[in-house]
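Reader: Please take a close look at the charged side chains of this model and how they pair.

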Amino acid sequence: MKDNLIAPSILSADFARLGEEVDNVLAAGADVVHFDVMDNHYVPNLTIGPLVCEALRKHGVTAPIDVHLMIRPVDRIIPDFAAAGASYITFHPEGSEHVDRTLQLIRDEGCKAGLVFNPATPLTHLQYVMDKVDMVLLMSVNPGFGGQSFLPSALDKLRQARQLIDESGRNIRLEIDGGVKVDNIGAIHAAGADTFVAGSAIFGAAQAQDPNDYDSVISALRGELAGSA
Ligand code: DX5
Ligand code: ZN
């Protein structure tokens with residue numbers, strides 16, 4: 001299995017101090033910046049777009065930026081995110097009329113491509129496009145908001161996705177998003193995930209204590225990963 005990556009979701013960061021927040025979580029040992037894009041159409045919330053991604057790059061962020069598109073349609077905006085410095089671009093199959101074409105578009109733009117599966121969306125969409133995905137992202141909450149509880153059905157789905165990825169022999173990351181905390185990340189890892197989005201667990205914990213200290217929560221997450229098979 002691959003190295004484990006911790007991907008703080010900036011949805012729970014202090015947007016008035018976003019550059020500093022991202023600097024601080026990366027300095028505390030986070031690997032990837034998870035960037036949640038919502039359109040008040042595909043999901044009932046509205047967040048950030050390519051300008052903010054570009055601003056983080058201009059600010060000096062060099063870590064991978066993992067753009068999670070919760071929008072419909074997706075194709076028009078993909079080149080804008082690529083130009084803005086996205087590393088990964090993932091989308092929900094329900095957001096694209098032509099999933100294969102969208103995956104190819106993301107790669108043609110020089111980014112890594114991923115498909116995202118809502119809790120009730122079957123993995124069957126993967127069957128004919130395994131050769132075009134770099135990331136499979138399983139939602140363990142319904143998309144739209146941070147701070148929701150992890151849906152336990154995601155554990156079985158992770159095991160299924162892990163099996164599909166391993167059988168394919170391809171270099172594909174398996175990411176989980178929603179309700180990941182210190183007390184469940186070990187079980188999530190044991191079920192097969194290698195990339196862990198955590199929003200409220202990281203930003204919420206630190207804001208409640210010292211706004212500049214993300215070390216303890218990220219160390220605790222890593223400690224649980226090290227202790228789980
Ligand atoms: C939900 C987003 C998540 C969210 C995770 O729609 O895709 O990335 O920010 O937040 P937590 O970790 O608080 O569940
Ligand atoms: Zn997300």
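Author: A salt bridge is a side-chain nitrogen of Lys or Arg within 4 Å of a carboxyl oxygen of Asp or Glu. This is a predicted model, in which local features need pLDDT of at least 70 and side-chain atom pairs count only at pLDDT 80 or more, while totals for chains, interfaces and linings use all residues. Residues are numbered from 1 along each chain as its sequence is written, chains are lettered from A and ligands numbered from 1 in the order in which they are written, and side-chain values use heavy atoms, with hydrogens and water left out.

The structure holds 12 salt bridges. One of them joins the side chains of Arg17 and Glu20, at 3.1 Å from N to O. Arg17 also forms a salt bridge with Asp14, where the closest N and O atoms are 3.4 Å apart. A network of salt bridges links Asp14, Arg17, Glu20 and Glu21.

For accessibility, buried means under 20% relative accessible area, exposed over 50%, and partly exposed in between (1.4 Å probe, protein chains only). Arg17 is partly exposed at 24%, Asp14 is partly exposed at 27%, and Glu20 is partly exposed at 37%.

Another salt bridge pairs Asp166 with Arg162, with the closest N and O atoms 3.0 Å apart. Asp166 and Arg162 are four residues apart in helix H5 (residues 153–168), so about one helical turn separates them. Helices (H or I, at least four residues) and strands (E, at least two) are DSSP runs, numbered from the N terminus. Arg162 counts as buried, with 11% relative accessibility.
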